[in-house]
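Reader: I would like to learn how to read a structure by its features. Can we go through one together?

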Amino acid sequence: MTDKLNELTAAGVAVWLDDLSRVRLSSGGLDQLRREKHVAGVTTNPTIFAKALSDADEYNWQLRDLAIRDVDVEEAVRMLTTYDVRWACDVMRPSYDGSDGVDGRVSIEVDPRSAHDADKTVAEAKALWWLVDRPNLYIKIPATEEGLSAITDTLAEGISVNVTLIFGLDRYSAVMEAFLAGLEQAKANGHDLSKIGSVASFFVSRVDAEVDKRLEKIGSEQAKSLRGKAAVANAQLAYERYTEVFASDRWKALAAAGAHPQRPLWASTSTKNPDYKDTIYVEELIAPGTVNTMPESVVNAYADHGETRGDTVTGAYDAARKVFADLESVGVDMADVIVTLEREGVEKFEVSWQELLDGVTKSLKAAAQGTGAPNKAAKGNAKAADKAGGA
């Protein structure tokens with residue numbers, strides 16, 4: 001049988017898993033994906049952790065210990081999540097070592113409630129880096145306006161960063177600028193640039209979900225013919241900007257000092273519309289030096305029927321620009337789409353974070369009372385991670 005995920009990897013796309021749970025770790029499932037499905041990295045977010053802690057009894061022993069210590073819920077959440085991420089970093093260490101530190105990375109996100117507070121974001125990034133204490137960790141920082149300086153300042157400390165919640169081209173350009181500035185400062189601070197990694201998580205399917213909703217409202221045949229095209233076009237044009245920035249003299253100077261490029265990472269790659277092929281956001285975004293982080297359902301779908309047709313991005317820039325022009329002609333304001341998605345993205349992760357806090361609060365109380373940790377209590381509130389989407 002053809003190894004479709006190996007073909008994807010050979011085309012320059014690193015396959016990462018957009019999920020993590022203690023069950024996946026304790027069962028050996030993550031290591032199996034690494035060995036058998038070419039999974040070379042892991043991303044997490046508050047929704048993923050909210051679901052993981054609501055679904056399993058694997059956390060009960062740690063919850064009991066935390067309850068005995070009478071820790072507050074914020075510390076408990078960080079102890080629970082960093083335990084999983086540290087373990088995942090160890091599982092993925094062979095990929096890290098085998099790729100000279102490029103892959104084998106595991107991401108953990110700063111508190112999304114700090115998305116508009118740069119100083120607090122940097123402080124938490126440093127704390128998480130210390131808590132996990134693994135070289136193959138990524139600290140996830142949202143690409144809000146306030147987050148840009150936090151990205152630079154965190155990288156300047158020698159801390160590897162996954163920039164998340166990128167939706168628009170101009171913000172993506174600003175993220176790459178923040179990355180370059182951060183590495184320049186890290187070099188000035190005496191850090192080894194070869195040890196610092198970064199990816200820029202550019203969200204995909206959520207763009208189609210928002211644009212398609214607006215096209216349906218417009219209702220014309222021309223508008224309806226554009227459904228399902230915006231997200232791929234947006235990401236393709238982002239890759240064009242990536243190739244320009246990482247061909248610059250400024251980047252070449254950093255590369256000469258040992259730096260690795262900040263790879264584009266396609267996030268939110270599960271299809272929200274069942275009418276679309278379940279692997280569309282993988283097949284249409286194949287390009288060298290990229291990452292595609294997928295829920296396991298998409299990993300399995302691609303392994304079964306994915307099509308690797310070579311580079312599907314670099315030859316598509318003109319067609320992508322035409323999609324944008326056509327969207328504008330029917331009345332879709334892409335600038336407003338991007339603002340809406342960024343705001344909603346932060347809000348959704350804040351909601352998931354609160355669900356996580358609420359679920360752990362209930363579990364700590366139950367553990368303190370000796371009745372066990374009712375991890376199922378939050379299950380109704382925790383949405384499936386692949387529906388929330390994204391690295």
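Predicted model: local features only at pLDDT ≥ 70, side-chain atom pairs only at ≥ 80, totals over all residues.

Reader: Start with the core. Which residues have the most contacts inside the largest nonpolar core?

Author: Look for buried nonpolar residues joined through side-chain atoms within 4.5 Å. Here the largest such core has 124 residues. Those with the most contacts inside it are Leu30, Val85, Ile139, Val211, Leu327 and Val360. The largest share comes from helix H18, residues 334–368, which supplies twelve residues.

Reader: Take Val85. What is Val85 in contact with, leaving aside its neighbours within four places in sequence?

Author: Val85 is in contact with Leu20, Phe49, Val106, Ser107, Ile108, Val132 and Leu137, once neighbours within four places in sequence are left aside.

Reader: Now a helix. How many residues does helix H13 have, and what is its reach from first C-alpha to last?

Author: Compare the reach with the span expected at 1.5 Å a residue. Helix H13 covers residues 230–245, so count 16 residues. Its C-alpha reach is 23 Å, close to the expected 22 Å.

Reader: Why is H13 described as largely enclosed by the rest of the structure?

Author: Because twelve of its 16 residues are buried. Among them are Ala230, Val232, Asn234, Gln236, Glu240 and Tyr242.

Reader: Let me try a single residue. Is Arg171 buried or exposed?

Author: Buried, because its relative accessibility is 18%. Arg171 is found in helix H10, residues 169–188. Next, see where the side chain goes. It reaches the backbone oxygen of Ala143 at 2.7 Å. Then list the contacts beyond four places in sequence. For Arg171 they are Ala143, Thr144, Glu145, Leu148 and Glu342.

Reader: And Leu357? Which residues does Leu357 touch, not counting those up to four places away in sequence?

Author: Leu357 touches Val73, Glu74, Val77 and Arg113. Its place is in helix H18. At 5% relative accessibility, Leu357 counts as buried. For a sense of scale, take Glu284. It is 73 residues from Leu357 along the chain, and their C-alpha atoms are separated by 37 Å.

Reader: On to charges. How many salt bridges does a search of the whole structure find?

Author: Side chains of opposite charge can pair when their charged atoms come close. The search finds 30 salt bridges. One of them joins Asp84 and Arg22, at 2.6 Å from N to O. This pair links distant parts of the chain: Asp84 is in helix H6, Arg22 is in helix H2, and they are 62 residues apart. Both Asp84 and Arg22 are buried.

Reader: Where do Glu210 and Arg214 lie?

Author: Both lie in helix H11, residues 205–218, four residues apart, about one turn of the helix. Glu210 and Arg214 are both buried.

Notes:
Residues numbered from 1 in each chain as written. Heavy atoms only, no water. Buried < 20%, exposed > 50% of the residue type's maximum accessible area, 1.4 Å probe, protein only. Helix = DSSP H or I, 4+ residues; strand = E, 2+ residues; numbered from the N terminus. Contact = heavy atoms within 4.5 Å. Expected span 1.5 Å × (residues − 1). Polar contact = N/O pair within 3.5 Å; in protein donor to acceptor, adjacent residues only side chain to side chain. Salt bridge = Lys/Arg side-chain N within 4 Å of Asp/Glu carboxyl O.
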